Amino acid sequence: MMLHSRLRWLAILLAAIATITLSACTPARSNLVNRLIVPTPSGPATFNYPLNQSAYSVFGYMYEGLINENGLTSNLEPGLAESWEVSKDGKKVVFTLREGLKWSDGEPMTTDDIIFSYEKIYFNDKIPSGLKDNLRVGNSRQFPKVKKIDSRRVEFSVAEPFAPFIRYAGGIPVLPAHILQESVDNTDADGKPKFLATWNTDTDPKKIVGNGQYRMLSYTPNQRVVLERNPYFWRKDAEGNLQPYIQQIVWQIIENTDNQLLNFRSGDLDTLDVQPEVFPLLKREEKRGKYTVFNGGPDTGSVFMCFNLNKGRNAQNQPFVDPVKSRWFATKEFRQAIAYGINRSAMTNNIYRGLGAPLHSPIPAQSPFYLSPEQGLKTYSYDLQKAKELLLSAGFKYNSEGQLLDAEGNKVRFTLLMAAGKKVREQMGTQIKQDLGKLGMQVDTQFLSFNTYVEKLRLTRNWDTYLGGFTGGTEPHSGYNIWSVNGTLHSFNQGPQAGEPPIKGWEVYDWEQKIDDLYVKASQELDEAKRKELYGETQRIIAEQVPFVYMVNPLTFEAVRDRISGIRYSALGGAFWNLYELKITE
């Protein structure tokens, strides 16, 4: 899919941000007019696409899939492949590459690169990548077979039906075999592929090779990434002019949303994700500021509070979660009580200025597989009395001071982890603390830089609860790495990942496995109505078990300078999904 859509679909979104230094707030100055300056709340964690775990990366600019996703309709369109053909039984698809494709270093790209990317990297058990969760097919959990037909044609095949087959076979970036082959084939002193230490952020950006619209020119840590137009990119307009038209992208690292706003209003940024509290201000200033605030409708992602249900122990045989707290979190009534105890309507009105609505499901309302409350999805309207009844029924009690105690007399106190810098999230954390205080719980908020936050969630696993978010799309299986018990984003009970030893004491709950099984079954079902029933059942289980307490589904707004023409904004694709055809008119 195109730039913004690909970033939203393939990248990991735990949307949160960190505090910055003033030097990172000032965008790079240049005499170059034909460039786009885009803010990002966090710098890149790696230049190695398969190893990326951050929501914020430059890969959407640098790589192209065999097919793209239209940011307005979500329909599939040709990318590096000029066409594709699907067999009658739906188990084979043959992609035909465009003629004369080249990498950003000028070397030819062929189907050998596709075979290499899938067989040597994406299917490699020694290389941890979240893409594995989505590529495994059916009950057998086998990867698709990839076969070279000739230099321009490649065949993907699956042993059993797989509904999102074409989207996944064709939508994942292809990587350069002529650059990366050696690092995959050779190992370090520990027997691990050298690929795992390849293309870190200390690598010369000019040596990172892609096949997308742009290639990296420079990287200044904590300040900016500068990308230049890839002269070897395949796309041309009807008159034969090379696309994209915009010569440079400056990916400006500004971790604090207030500083992003200041830079946008001063004219130093070309675009800004508009937060609810500043929407009235920016809307009033549209004409004077020479920009347009676009409204894409409800967001397709999710924001939530998550419980750590992991009963495992680390290498030092210490539990990831305090056993006392672990018993609380493992109690369904406790989780449901918190869901009832958070006033999400007040959150919508006060924090989001009424520009949204309480969220109930991980599948967005835009998806045909969404189960609405009217269709029977359980919801949690604010109800302190109901919350207290649930807690008392589960053995909790109150002392004379109104503090909540468990059956053993332990005060209910836990930490809510957040990444620092994003005002809306900080306000949400403050309200959650206040709301749950009314239930007698003490919630301590902890703020970490974004990359440290992700590391704590994914690697050390030693946290109580966290406030975060995921991107979403119309195809539910794109979220399978969240709901697979072995998934890389299965944060509420994160199991061992590729290359990690088994985790002592790690247990999978029956309902957790049931969700996984239903996702697999739905991916095998080609009948859309039956798929909807299966995904409906997953949503009912998720709503009942509450591993995530979903917060608010806001409307999406983005401000873009009027000098940028060709914007076709949507919540699905954002402002720049059609970056290749945008022009800067000064």
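The mean pLDDT of the chain is 90, and 95% of its residues reach 70 or more. The model is a predicted one.

An open sheet is formed by four strands in the order β1-β10-β9-β8, and its pairing is mixed. Its edges are β1 and β8 (214–220), each of which pairs on one side only. From one strand to the next, the twist averages 20°. Within this sheet, β1 and β10 (residues 248–253) run parallel and are joined over six bridges. One of the residues concerned is Arg35, whose bridge partner in β10 is Gln248.

Strand β5 (residues 92–97) is antiparallel to β4, with five bridges between the two. In this pairing, Ser83 lies opposite Thr96 of β5. The two strands β4 and β5 make a hairpin with five residues between them, and in the turn Gly90 has a positive phi of about 75°. Strand β5 also pairs with β7, again in the antiparallel sense and through five bridges. Here Lys92 is placed opposite Ser157 in β7.

Side-chain charge pairing was examined next. Side chains of opposite charge can pair when their charged atoms come close. The count of salt bridges comes to 22. One of them is formed by Glu82 and Arg152, with the closest N and O atoms 3.1 Å apart. This pair links distant parts of the chain, since Glu82 is in strand β4 (residues 81–86) while Arg152 is in the loop between β6 (145–148) and β7 (153–157), 70 residues apart. Glu82 is partly exposed, at a relative accessible area of 38%. Arg152 is likewise partly exposed, with a value of 27%.

A second salt bridge connects Asp125 and Arg136, whose closest N and O atoms are 3.6 Å apart. Asp125 is in the loop between α3 (111–122) and α4 (131–135), and Arg136 is in the loop between α4 and β6; the two residues are 11 residues apart. Asp125 has a relative accessibility of 52% and therefore counts as exposed, the cut-off for that class being over 50%. Arg136, at 23%, counts as partly exposed.

Lys147 and Glu155 also meet through their side chains in a salt bridge, with an N to O distance of 3.8 Å. Lys147 counts as partly exposed at 47% relative accessibility. Glu155 has a relative accessibility of 14% and so counts as buried, a class that requires a value under 20%.

Asn48 is located in the loop between β1 (35–40) and α2 (59–62). Its relative accessibility is 1%, so Asn48 counts as buried. With neighbours within four places in sequence left aside, the contacts of Asn48 are Phe59, Phe195, Thr198 and Trp199.

Phe369 occupies the loop between β14 (356–358) and α13 (384–393). The relative accessible area of Phe369 is 4%, and this residue is therefore buried. When residues up to four places away in sequence are not counted, Phe369 touches Ile363, Thr474, Pro476, Glu528, Arg531, Lys532, Tyr535 and Gln539. For one of these contacts, Tyr535, the C-alpha to C-alpha distance from Phe369 is 6.4 Å in space, although the two residues are 166 residues apart in sequence.

Definitions and conventions:
Residues numbered from 1 in each chain as written. Predicted model: local features only at pLDDT ≥ 70, side-chain atom pairs only at ≥ 80, totals over all residues. Heavy atoms only, no water. Buried < 20%, exposed > 50% of the residue type's maximum accessible area, 1.4 Å probe, protein only. Contact = heavy atoms within 4.5 Å. Salt bridge = Lys/Arg side-chain N within 4 Å of Asp/Glu carboxyl O. Pairing = 2+ DSSP bridges. Axes fitted to C-alpha atoms, helices over the stretch in contact; angles between N-to-C directions. pLDDT = per-residue confidence, 0-100.
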